[in-house]
Amino acid sequence: MSNFARARREQDLPIAAVMGASDGRGILAAVGNTPLIELPMSVKASGRTRLFAKLESVNPGGSIKDRPVARMLTRAIEAGRFAGGRRLLDSSSGNAGISYAMLGAALRVPVTIVVPGNASRERMERIRAHGAELVITDPIEGYDFALREAHRLAHERPDLYWHCDQYSNEDNWRAHYEGTADELLFQLAHQAETPPDVFVAGVGTGGTLTGVGRRLREVRPDVRVVAAIPETFPGIEGLKPLGHPGDIVPKLLDESLIDERIRVTLDDAVAMCNRLTRSGLFVGPSSGAFVHAALELAARKEYRVIVTVLSDTGERYVSTGMWSGARAPSARRSKAKRH
Amino acid sequence: MKTITVRIPTPLRAYTHGADEVRAEGATVADAMRALGDAYDGLLAQVLTEDGEPRQFVNIYLGSRNVRALQGMRTPVAEGDVISIVPAVAGGRA
């Protein structure tokens, strides 16, 4: 066969055959083992405190959600949950939905995501791009409506759907217990030569806070676990306010781990995201909220090492207008005007 | 004066005594929002900045169109129009 004929033949093959055996192991191996970076802080503001964060945007799905989804999905495959062509079903405001769609495509698992209609366009388009099905709910009714809709679909069509339910799935927090936390401890041992004094996170499903918090407390029983709590409206993407009547508390969240709750407004979180861009970091509002809370703790000058996570990338929020207020420094603009 | 309907997102229903939609009157979106603020104490501060513009991550739709893509808060309203207050935050509470 000539080279030309071989090339033509390959064009006709499914892409998986051209690219080699596609069992999804490659992309699964790319999940986790994220860098731990030290965030710059002024000595005046923080004293001797050092702040470290796991840069989760480098996961192939662009967020920390790849970790629990990889574990929940592989465990479900091993348990035969998708026998007979059943689809994976869950609700998501986007990041977990992207992870489900991406890893579902890699592992040949059909995926259906229930998502509120106000999820950012970037998220919806990526979920669709991976071939997942979207069930879009009324944005006025909020995220909890999408969550209830996923429960309703799973209850009505158990033959069609396996409900992964990231809010109660034990493999969610275990992914952080065995993965995120152990990586963090290993990296801190090299970079700071000590386990952390404080861990800052938020509560979406409760997986990160519960998994990392439990592991850190085994290593250091007096580690302080702090939850960043968003204002109620418009809220901060992916974070639950907790504490209000009617708030859904995720089943897997271990609230007994939380020593302190620090309230953060969306404006605080976005301001911190803009500040972090000056350090070369481009992260989403939940990451800004965590760093805002961490700096509030650092200002107490009581802790040597604070750790947190930078959950996702700021690129996921461009369509929300989040970055439209970010401008070059005024001195630079003035110079440009003189030309 | 035109009577319009304002749809209220779940986190703000505490201000409207649980109502998911309320009536307001005005000639523009800004008028309707002012009327809403007069009727429900504390609500407007959640939705608009001190300058009367939608807060960051808050969208106001007239029908299916974001007023930012129309004439902003000065967008005229017609009798029977529906305004929706929609956070650009899909995850988290409610």
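The model is predicted: local features need pLDDT of at least 70, side-chain atom pairs count only at pLDDT 80 or more, and totals for chains, interfaces and linings use all residues. Residues are numbered from 1 along each chain as its sequence is written, chains are lettered from A and ligands numbered from 1 in the order in which they are written, and side-chain values use heavy atoms, with hydrogens and water left out.

**Largest cavity**

- Two cavities of 30 Å³ or more are found in the structure. (On a 1 Å grid over the protein atoms alone, a cavity is a set of points where a 1.4 Å probe fits but cannot get out; a pocket is an open set with protein on both sides within 12 Å along at least five of seven lines; lining residues have an atom within 4 Å of a point.)
- The largest cavity has a volume of about 440 Å³. (Grid points are joined across faces, edges and corners, and a volume is the space filled by probe spheres set on the points.)
- Its lining has 35 residues, and those closest to the centre are A:Ile64, A:Lys65, A:Gly204, A:Thr205 and A:Gly238.
- α10(A) gives the most to this lining, with three residues. (Helices, H or I of at least four residues, and strands, E of at least two, are DSSP runs numbered from the N terminus.)
- Domain 1 (25-63 + 173-317) and domain 2 (66-163) of chain A both give residues to the lining of the largest cavity, so this cavity lies between them. (Domain bounds come from an automatic or database domain assignment.)

**Largest pocket**

- The largest pocket holds about 270 Å³ of space.
- Of its 14 lining residues, the closest to the centre are A:Ala119, A:Arg121, A:Ser319, B:Asn59 and B:Tyr61.
- Two or more lining residues come from each of α7 of chain A and β3 (58-62) and β5 (82-87) of chain B.

**Second largest pocket**

- About 200 Å³ of space lies in the second largest pocket.
- Its lining residues include A:Leu28, A:Arg67 and A:Glu183.
- α5(A) supplies the largest share of this lining, five residues.
- Domain 1 and domain 2 of chain A both contribute to the lining of the second largest pocket, so this pocket lies between them.

**Helix pair**

- The axes of α6(A) and helix α7 (residues 121-129) of chain A come within 8 Å and cross at roughly 15°. (Axes are lines fitted to C-alpha atoms, for helices over the stretch in contact, and angles run from 0 to 180 degrees between N-to-C directions.)
- α6(A) and α7(A) are therefore roughly parallel to each other. (Angles under 35 degrees count as roughly parallel.)

Terms used:
Angles under 35 degrees count as roughly parallel, over 145 as roughly antiparallel, 65 to 115 as roughly perpendicular and the rest as oblique.
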